[in-house]
Amino acid sequence: MTVYNAVIIGGGSSGILSAICLNDKHSVLLEKNDMLCKKILITGGGRCNLTNNGSFDTYMKSFYNNGNFYRTAFSNFFNRDIISLLEKNDCKTKVEENDRVFPVTDKAGSVQETLIKILNRSKTRYKLNCTVKEIKKENDYFIIKYNDSEIIKSKYLILSTGGNAYPKTGSSGEGYRFAKNLGHTLTQQMGGLAPVALYDKWTQKLQGLTIDVKLEIKANKKSVKKDNGSIIFTHNGISGPVILNSSMDIEKHLRKKEDVKINLDLCENYSYEELDTRLQKDFRKHSNQSIKTYLHQYLPKRMSVEFLNFLDIDESTILNQINRKQRVMLRDNLKRLTLTVSHVLEKEAFVTNSGVKRKEIDPNTFESKIVDNLFIVGELVEGCGISGGFNLQQAYSTGVLAAKTIKERISNDSS
Ligand SMILES: Cc1cc2nc3c(=O)[nH]c(=O)nc-3n(C[C@H](O)[C@H](O)[C@H](O)COP(=O)(O)OP(=O)(O)OC[C@H]3O[C@@H](n4cnc5c(N)ncnc54)[C@H](O)[C@@H]3O)c2cc1C
């Protein structure tokens with residue numbers, strides 16, 4: 001049976017950084033897919049929002065259940081480190097709105113290819129198409145069974161199998177089982193960054209449309225959150241950074257059986273009064289223009305049509321035929337379009353919030369406090385960051401910290 005120094009299970013963002021940092025010819029990474037970092041390809045809408053260029057303080061505030069837990073990991077390997085690693089290897093990056101960092105190619109494949117290229121130059125080996133089935137610890141060694149009957153042994157083990165978001169990318173929750181069998185406790189399944197389903201069926205015709213809005217979330221008529229940003233209409237509801245970041249709050253209120261509404265301000269540049277005055281003036285001035293054409297200055301074309309259908313106003317109505325009641329309705333809905341949430345689409349979550357309990361992991365090394373020489377990194381750890389590149393950074397930083405710790409121990413073991 002082959003005995004390794006370290007085995008890394010899962011070749012996603014955290015696992016590949018662990019393997020690169022470990023740079024050890026007696027260590028191996030096992031990945032069940034036929035490629036590494038498959039999930040990276042779908043991140044950031046296919047562009048990969050690879051990190052966030054925000055300050056350390058911003059990072060501390062951008063994780064649910066306390067960003068402080070990652071203080072050592074981020075101090076050790078931060079946003080500038082991943083940017084510099086990629087840039088040194090010809091993957092140039094750019095910073096966009098809200099400090100989101102993307103490859104200049106706008107292609108997630110550039111990040112994936114570059115990380116694989118770097119790994120290919122490191123001493124750590126990797127094996128594809130290897131599905132780990134079982135892990136046991138016997139006499140200071142981990143016994144790892146993969147595929148049908150392959151068995152290997154290692155002194156150190158990194159579990160970097162991800163959570164269970166988007167299982168088709170390989171992260172289908174097996175890591176939870178491995179951690180549990182090794183003695184760890186998992187948090188209760190609790191959302192993550194997920195889209196929401198709406199009762200407002202008319203919005204389904206807007207599928208794929210992205211708009212920038214100011215929004216307010218209300219639970220039982222009480223305001224619970226206000227935010228600005230882009231939303232995207234989906235086949236059954238809405239998604240986009242501001243929705244993903246609010247989904248756990250929404251979930252909390254829905255669990256209390258509260259009525260959750262999302263109010264969209266589609267004309268944030270005007271107050272109610274200003275919009276009213278403007279509509280009255282414009283309706284007189286452009287009296288022969290159709291309401292559909294007129295609305296284009298506030299809404300994308302596709303949305304104008306569905307918006308008017310929803311308000312039961314014929315799209316061809318000319319402005320001087322719009323009566324007062326209709327004008328008030330237009331004003332009210334442009335300023336506050338109310339959507340009602342039916343449920344959070346947990347199965348479509350981008351990132352899982354549940355995982356191995358943090359109190360069972362040492363934040364200075366990401367080693368298990370229950371099993372010596374076991375390291376738990378990436379999304380498998382309880383909690384998640386908000387949308388914006390924070391989750392990938394968490395994966396790299398925890399992966400690197402675990403590998404650095406192991407590297408030191410391997411060096412001590414042999415001296
Ligand atoms: C649609 C989508 C878009 C996203 N966009 C962004 C974004 O733009 N920016 C951002 O910061 N975050 C984004 N995320 C989140 C980010 O992708 C994750 O936080 C990150 O990939 C987690 O890294 P990880 O290494 O923990 O897990 P993963 O990247 O999920 O990797 C886990 C790996 O383990 C392998 N594995 C699992 N079980 C086994 C087993 N039994 N044997 C062998 N291998 C196994 C899997 O095949 C997989 O390759 C997005 C997520 C999704 C789903």
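Guide: Two strands count as a pair if DSSP finds at least two bridges between them. Strands of a sheet pair through backbone hydrogen bonds, either parallel or antiparallel. Keep in mind that the model is predicted.

Take the open sheet of 3 strands. Its order is β3-β5-β4, and the pairing is antiparallel. The edges are β3, residues 51-52, and β4, residues 93-95. Each edge strand pairs on one side only. Look at β4 and its partner β5, residues 100-103. They are joined by 3 bridges and run antiparallel. For a landmark, find Lys94: Phe102 of β5 stands opposite Lys94.

Now move to β9, residues 150-159. Strand β1, residues 3-9, runs parallel to β9, with 6 bridges between them. Phe142 has Ser154 of β9 as its bridge partner. β8 and β9 form a hairpin with 3 residues between the strands. In that hairpin Asn147 takes a positive phi, near 50°. Strand β20, residues 374-376, is another partner of β9. That pairing is parallel and has 3 bridges. Leu157 meets Leu374 of β20 as its bridge partner.

Next comes the ligand. The shell around the ligand holds 35 residues. Ser14, Glu31, Glu174, Glu379 and Leu392 are the closest. By class, the shell divides into 11 nonpolar, 19 polar and 5 charged residues. α12 gives the most, with 4 residues.

For Gly389, a backbone N or O atom lies 3.5 Å from a ligand oxygen. For Asn391, a polar backbone atom is 3.4 Å from an oxygen of the ligand. Leu392 also takes part: a backbone N or O atom of Leu392 lies 2.8 Å from a ligand oxygen. Taken alone, the ligand exposes 1,000 Å², and the protein buries 96% of that. Which elements give two or more residues to the shell around the ligand? They are α1 (13-22), α6 (174-181) and α12 (390-414).

End with the second largest pocket. Its volume is about 200 Å³. The lining includes Lys214, Leu215 and Glu216, then Lys226, Asp227 and Asn228. Asn263, Leu264 and Asp265 also line the pocket, as do Tyr272, Lys335 and Arg336. Strands β12 (210-219), β13 (222-233) and β15 (260-265) each supply at least two of the lining residues. How does this lining divide by residue class? There are 3 nonpolar, 2 polar and 7 charged residues.

Then turn to the ligand, where Leu392 is among the closest residues. Finish at the second largest pocket, with Lys335 and Arg336 among its lining residues.

Key:
Residues are numbered from 1 along each chain as its sequence is written. This is a predicted model: local features need pLDDT of at least 70, side-chain atom pairs count only at pLDDT 80 or more; totals for chains, interfaces and linings use all residues. Side-chain values use heavy atoms; hydrogens and water are left out. A residue is near a molecule or strand if one of its heavy atoms lies within 4 Å of it. A polar contact is a pair of N or O atoms within 3.5 Å; within protein, one must be able to donate a hydrogen and the other to accept it, and residues adjacent in sequence count only if both atoms are side-chain atoms. Accessible areas come from the Shrake-Rupley method with a 1.4 Å probe; for residues, only the protein chains shown count as cover. Ala, Val, Leu, Ile, Met, Phe, Trp, Tyr, Cys and Pro count as nonpolar, Asp, Glu, Lys and Arg as charged, and the others, Gly among them, as polar. On a 1 Å grid over the protein atoms alone, a cavity is a set of points where a 1.4 Å probe fits but cannot get out, and a pocket is an open set with protein on both sides within 12 Å along at least five of seven lines; lining residues have an atom within 4 Å of a point. Grid points are joined across faces, edges and corners, and a volume is the space filled by probe spheres set on the points.
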